[in-house]
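Keep the structure open while you read.

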Amino acid sequence: MSEIGLIRDQYERLTTTTDNVNNSIITFKKLYKLLKGEKNPAFTISKEELVFAKKTISGFMAYLVKLSNENSQPDYSIIPQKVVARFKKDKLDFLKSDKKLKAVERAVNTEEGLDEDQLKLLDSIVTNLDMERSTLFKKLRTARG
Amino acid sequence: MNIFINGLFMDLHNRLEKMINHLYNLTMDSHASSTFKKSTEEHLYALITKIKTLINTGIFADAFFTPNTIILYNSINNEFIEIELFLYLPIRRYDNTAEGYFEKVATSIYSEIQLMQSVPFISTISNSDAYFWAYSKYRMIALPQGEENHLLNLSDLYHEIGHLIYIQYEEFLVGDHLTRVVEYYNTFEGSKVRWKKRPST
């Protein structure tokens with residue numbers, strides 16, 4: 001695979017992960033608002049949307065818990081190897097909070113859903129993914145093969 | 001902040017609408033160029049539909065969703081930039097003496113090597129620095145501007161056609177070779193080879 005092919009492959013994998021996680025956070029935020037009693041007709045959630053969000057967030061939390069373990073062999077099809085290495089090098093907070101990640105993983109399948117702090121934690125994680133995605137996109141625009 | 005992000009989406013929406021209107025009034029005669037134009041229109045329609053759906057979700061009115069609407073915008077804007085750069089601009093720049101000529105050359109090559117793939121769209125949107133490149137996602141090949149006057153570089157066009165062949169026939173051409181290489185480098189023995197310094201030449 002050429003250099004451009006590798007960057008494109010990494011970019012597309014990271015875009016899929018970022019978009020899936022971000023859309024799932026939006027679903028859980030709508031659920032949070034609805035459970036708080038907010039009546040906004042735009043905040044309807046379909047059954048499929050909620051199932052997808054639960055599956056995505058719980059799977060992603062389990063993945064991050066595994067990632068925070070030094071000796072594990074992560075699945076680089078979810079987050080590319082170079083991005084994982086950068087996350088570990090920068091010692092990002094969410095990789096140091098096993099307990100919080102596991103709590104989110106458990107909470108997604110409860111009727112109460114996620115609380116505000118858990119949603120903020122997810123926002124910080126997805127923002128980091130988005131920043132890495134932007135870096136790859138810039139590389140993609142300047143590399144040719 | 002959300003009003004600003006909503007404005008960014010509206011701006012993208014209006015730009016897409018202008019691009020769609022421009023393409024609607026454009027006639028492209030050859031098979032490769034008209035197919036490329038049709039595919040571009042489909043991408044533009046899909047993106048504008050996505051934006052319309054997002055605007056109606058109601059999340060732009062609430063600051064609670066701001067970090068997520070920024071990410072949504074980044075995703076859509078990246079898609080927009082790709083479409084503009086690799087689909088729309090090549091069509092705008094289409095010229096019979098350059099692109100039209102290369103279409104005939106590529107058609108002739110495809111017929112000569114009996115390649116069953118459809119002829120890709122060829123555009124002279126590249127430059128001397130980026131040189132020849134292929135983008136298989138959109139089935140296009142880019143050449144430096146004015147390349148129709150430098151026929152000695154034709155071999156590079158064959159190289160780029162090779163990328164498009166590789167994408168379609170990868171399994172047949174390399175099988176599981178790449179997977180096995182990756183697996184090897186992930187083993188302990190492989191990692192020793194990977195980190196070994198190359199001898200200086």
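The points below cover the interface between the chains and then the aromatic rings. Keep in mind that this is a predicted model.

**The interface**
- On the side of chain A, 29 residues are in contact with 25 residues of chain B.
- Chain A and chain B bury about 2300 Å² between them. Carbon and sulfur atoms give 57% of that area.
- There are 2 salt bridges between chain A and chain B. One of them joins the side chains of Arg8(A) and Glu82(B), at 2.8 Å from N to O.
- The two chains also share 11 residue pairs in polar contact, counting pairs with both residues at pLDDT 80 or more.

**What chain A brings**
- Helix H1 (3–35) and helix H5 (116–142) of chain A each supply at least two residues of the side that touches chain B.
- H1(A) gives the most to this side, with 13 residues.
- By class, this side of chain A has 13 charged, 10 nonpolar and 6 polar residues.

**Aromatic rings**
- Over all chains, the whole structure holds 14 aromatic pairs.
- In one pair, the ring centres of Tyr11(A) and Phe137(A) are 5.4 Å apart. Their planes stand at 35°, so the pair is tilted.
- Tyr11(A) lies in helix H1 of chain A and Phe137(A) in helix H5 of chain A, so the pair ties together parts 126 residues apart in sequence.
- Tyr11(A) counts as buried, at 8% relative accessibility. Phe137(A) also counts as buried, at 4%.
- Ring pairs also link Tyr32(A), Phe43(A), Phe64(B) and Phe65(B) into a cluster.

Note on methods: Residues numbered from 1 in each chain as written. Chains lettered and ligands numbered in written order. Predicted model: local features only at pLDDT ≥ 70, side-chain atom pairs only at ≥ 80, totals over all residues. Heavy atoms only, no water. Contact = heavy atoms within 4.5 Å. Buried area = accessible area lost by both parts, 1.4 Å probe. Salt bridge = Lys/Arg side-chain N within 4 Å of Asp/Glu carboxyl O. Polar contact = N/O pair within 3.5 Å; in protein donor to acceptor, adjacent residues only side chain to side chain. Helix = DSSP H or I, 4+ residues; strand = E, 2+ residues; numbered from the N terminus. Nonpolar A, V, L, I, M, F, W, Y, C, P; charged D, E, K, R; others polar. Phe/Tyr/Trp six-rings, centres within 6.5 Å; stacked < 30°, edge-to-face > 60°. Buried < 20%, exposed > 50% of the residue type's maximum accessible area, 1.4 Å probe, protein only.
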